[in-house]
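The sequence and structure come first, and the notes follow by topic.

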Amino acid sequence: MQTFQPQLDELTDLISSWHGLTSDTDPALATDCLPLLDLLGDAHKLVDVGSGTGMPGLVLKIARPDLAVTLIEASQRKAAFLVHASSKLHLESVEVIRLRAEEAGRHGRLRESFDVAVARALAEMYVLAELCLPLVRIGGRLLAMKTDVERELAVAEKIIDRLGGRVVEVRPAPTQARENGQIVVIEKVEPTPPEFPRRPGVPSHRPMFV
């Protein structure tokens, strides 16, 4: 058993006990995030965009206590849970920011400041890239948890390039929760143009075509 398994179990118990937080409280969802560990390398600063119940951000923090983790979550209820869970689990160097991802990506302290951005079940790839890549430093990575992503990438790759990213790998990551799980690895190779991300709501309602 992994030495951090008891903390993962405690996190899933906290999620289950927080009424109305999520309809899916499967404990396998926590271990579903663990394949990301092999792709973190020597990262120190990590941001979880649209963190929700803290997956994968809190899971990765539990497994890698050395990480400084920022959880971005627009929902007041979910942000309150993330603060509560971090305290209950005695996790240090965790910051919860209640902002839309579009706002976070334009924030001077946050923009292009993270070694790694992670996202799980956030949005289609073309939207996810616009929300996450502005937060990643040049030389950093975006790790997107997906399933059967080939169709999404066919639409998104040129958009990713325009945002300063480059798809370097689509890694199979099957787990008990997602037998067809994949991780899209995007390297940040150039600065994101200053006009991105666009204002809240626009990335999902008005796709960027190039």
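Helix 7 bends by about 50 degrees at Ala156, the bend being the angle between axes fitted to the seven residues ending there and the seven starting there. Helices (H or I, at least four residues) and strands (E, at least two) are DSSP runs numbered from the N terminus. This is a predicted model, in which local features need pLDDT of at least 70 and side-chain atom pairs count only at pLDDT 80 or more, while totals for chains, interfaces and linings use all residues. Residues are numbered from 1 along each chain as its sequence is written, and side-chain values use heavy atoms, with hydrogens and water left out.

**Helix 7: span and burial**

- Helix 7 has 13 residues and reaches 19 Å from its first C-alpha to its last, close to the expected 18 Å; the expected span is 1.5 Å times one less than the number of residues.
- Glu152, Leu153, Ala156, Ile159 and Ile160 of helix 7 are buried (buried means under 20% relative accessible area, exposed over 50%, partly exposed in between, with a 1.4 Å probe and protein chains only).
- The cover over these buried residues includes helix 6, strand 5 (136-147), strand 6 (165-172) and strand 7 (181-188).
- Gly164, with a positive phi near 95 degrees, follows helix 7.

**Helix 6 against helix 7**

- Two packed helices are described by the angle between their axes and the distance between the axes.
- The axes of helix 6 (residues 125-132) and helix 7 (residues 150-162) come within 8 Å and cross at roughly 30 degrees; axes are lines fitted to C-alpha atoms, for helices over the stretch in contact, and angles run from 0 to 180 degrees between N-to-C directions.
- Helix 6 and helix 7 are therefore roughly parallel to each other (angles under 35 degrees count as roughly parallel, over 145 as roughly antiparallel, 65 to 115 as roughly perpendicular and the rest as oblique).
- Met125, Tyr126 and Ala129 of helix 6 make the contact with Glu152, Leu153, Val155, Ala156, Ile159 and Ile160 of helix 7, where contact means heavy atoms within 4.5 Å.

**Ile160**

- Ile160 is found in helix 7 and counts as buried because its relative accessibility is 0%.
- Leaving aside neighbours within four places in sequence, Ile160 is in contact with Met125, Ala129, Leu133, Leu153, Gly165, Arg166, Val167 and Ile186.

**Helix 1 and Thr31**

- Helix 1 (residues 5-17) has 13 residues and reaches 18 Å from its first C-alpha to its last, close to the 18 Å expected.
- Gln5, Leu8, Leu11, Thr12, Leu14 and Ile15 are buried in helix 1, and the buried residues of this helix pack against helix 2 (28-31), helix 3 (57-63) and helix 4 (76-88).
- Thr31 lies in helix 2 and counts as partly exposed at 28% relative accessibility.
- Not counting residues up to four places away in sequence, Thr31 touches Gln5, Leu8 and Thr175.

**Backbone in the loops**

- Met55 and Pro56 are joined by a cis peptide bond with omega about 15 degrees; Pro56 lies in the loop between strand 1 (45-49) and helix 3.
- A cis peptide bond also joins Phe196 and Pro197, with omega about 0 degrees; Pro197 is in the loop between strand 7 and helix 8 (202-205).
- His90, although not a glycine, has a positive phi of about 55 degrees; His90 is in the loop between helix 4 and strand 3 (94-97) and counts as exposed at 68% relative accessibility.
- Asp148, a residue other than glycine, has a positive phi near 50 degrees and lies in the loop between strand 5 and helix 7.
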